[in-house]
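Subject: Handing over a structure, with notes

Dear colleague,

I am passing on the structure below, together with some notes for a first reading. Please look through it before you turn to the notes.

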Amino acid sequence: KKHQHSTKAKMSAKSQSILAEAAAASVGGAISASVLYPLEVLKTKMQAVESSDAPAEPSSGDSNAGSEDTTTSASYEKIAEDAEDQDSSKPKKNLSAIEFTKEMYKDGGVAVFYDGIGTSAFQSACEKALYFFAYTYFKNFYKGIKGGAIGTTENLILGGMAEWAHLPITLPIDCLTTKIQTSKTNDNPYRIMMAMFSEKGLSGMYKGWEAYTVLCLKPAIQYTVYEQIKGIMLRRRKAAPKGSRGRGKSANTLSAAESFLLGMVARAISTTLVFPYTRAKVMLQANKKNDGSDETTSIPQMLTKMYNEQGFQSLFIGLGPELTRGVLSTAFMLMIKEQIGSFMEVLLS
């Protein structure tokens with residue numbers, strides 16, 4: 001009976017640990033995504049620029065944008081066509097991030113930097129919660145089979161599996177968020193989503209999924225770097241002599257400053273390595289068409305098209321804003337997650 005009680009207690013503790021990780025990551029993800037959302041809009045619009053296109057800018061919109069009940073399938077198709085046929089007055093493909101920001105502000109004011117913030121925060125909360133839920137579950141399961149510490153290779157594999165686990169739910173939200181950010185109309189998210197369904201059906205909500213054969217490595221690399229360095233730091237802290245400077249800190253969690261800085265380093269490494277695939281995914285999701293020709297339908301085709309039209313540097317358009325936003329977002333998220341996770345451990349213990 002004692003053995004059964006001990007086993008149940010361990011299973012309960014593991015379940016609580018998984019839920020705590022997911023909840024902490026969800027809150028951290030939503031907060032960081034909301035705080036840094038203007039940078040998210042900037043990097044998405046910059047990434048969506050084609051060689052002969054300007055990024056989508058908001059128009060005056062439709063005065064009847066809120067009346068979804070009278071909207072037909074044909075009108076949804078018209079929304080999609082209008083969103084892609086309108087041209088902005090000035091090409092922005094060669095502008096720097098600061099110049100691009102000024103042009104966006106001149107064309108759309110402050111509001112353009114917050115289009116779709118609710119959808120983005122929801123997506124980030126779901127993505128981070130599901131990722132850490134799956135990652136912690138896989139990690140605990142693997143430890144139960146193998147025992148001992150998890151190595152770098154195992155961490156990468158488990159991280160990739162966790163990334164694929166949440167995509168069926170979060171990729172459609174990601175596609176919708178990208179469409180909102182690059183839309184040339186002021187239509188609400190519901191109308192934009194219905195236009196996407198009208199144009200491509202359910203498959204339109206999974207545009208760019210092929211990119212995740214590589215992009216799944218991004219969080220895997222990021223959290224592997226984070227977890228490995230964090231493990232080294234905590235082991236050194238535990239091994240430090242009593243009374244030393246490092247010994248006075250928590251032996252199980254990093255401080256806010258430590259997790260913030262470590263998160264910045266981990267995100268910068270992972271973002272740079274896979275960025276060409278990130279941009280190709282955004283280009284597909286933005287769904288731009290030219291002269292009635294068939295749109296590019298796969299990641300390899302999009303990468304080839306970008307390289308042929310603008311050269312190698314085109315694969316990294318928008319890297320600056322993406323690094324700034326991504327690095328700060330991850331740093332904030334991991335800092336908040338560490339603090340909330342530590343607080344929840346105290347509550348559950």
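Predicted model: local features only at pLDDT ≥ 70, side-chain atom pairs only at ≥ 80, totals over all residues.

Residues are numbered from 1 along each chain as its sequence is written, and side-chain values use heavy atoms, with hydrogens and water left out.

To begin with confidence, the mean pLDDT (the predictor's confidence in each residue, from 0 to 100) is 74 for the protein, and 76% of its residues reach 70 or more. Among the elements (helices being DSSP runs of H or I with at least four residues, and strands runs of E with at least two, numbered from the N terminus), helix α5, residues 117-146, has the highest mean pLDDT at 87, whereas helix α3, residues 73-85, has the lowest at 41. Over residues 51-91 the pLDDT stays under 50, and for this stretch the model has 80 contacts (heavy atoms within 4.5 Å) beyond four places in sequence. The pLDDT is also below 50 over residues 290-294, a stretch with three contacts beyond near neighbours in sequence.

A search of the whole structure finds eleven salt bridges (a side-chain nitrogen of Lys or Arg within 4 Å of a carboxyl oxygen of Asp or Glu). In one of them, D174 pairs with K281, their closest N and O atoms being 2.8 Å apart; D174 is in helix α6 and K281 in helix α10, 107 residues apart. Both D174 and K281 are buried (under 20% relative accessible area, with exposed meaning over 50% and partly exposed in between, for a 1.4 Å probe and protein chains only).

E322 forms a salt bridge with K218, with the closest N and O atoms 3.2 Å apart. E322 lies in helix α12 and K218 in helix α9, so this pair ties together parts that are 104 residues apart in sequence. E322 also forms a salt bridge with R267, at 3.8 Å between the closest N and O atoms, and both E322 and R267 are buried. A network of salt bridges links E40, K43, K218, R267, E322 and R325.

K128, which is placed in helix α5, counts as buried because its relative accessibility is 16%. Leaving aside neighbours within four places in sequence, K128 is in contact with A25, S26, G29, Y223 and M333.

Finally, the structure holds zero disulfides (pairs of cysteine sulfur atoms within 2.5 Å). C175 counts as buried at 1% relative accessibility, and C126 is buried with a relative accessible area of 18%.

With best wishes
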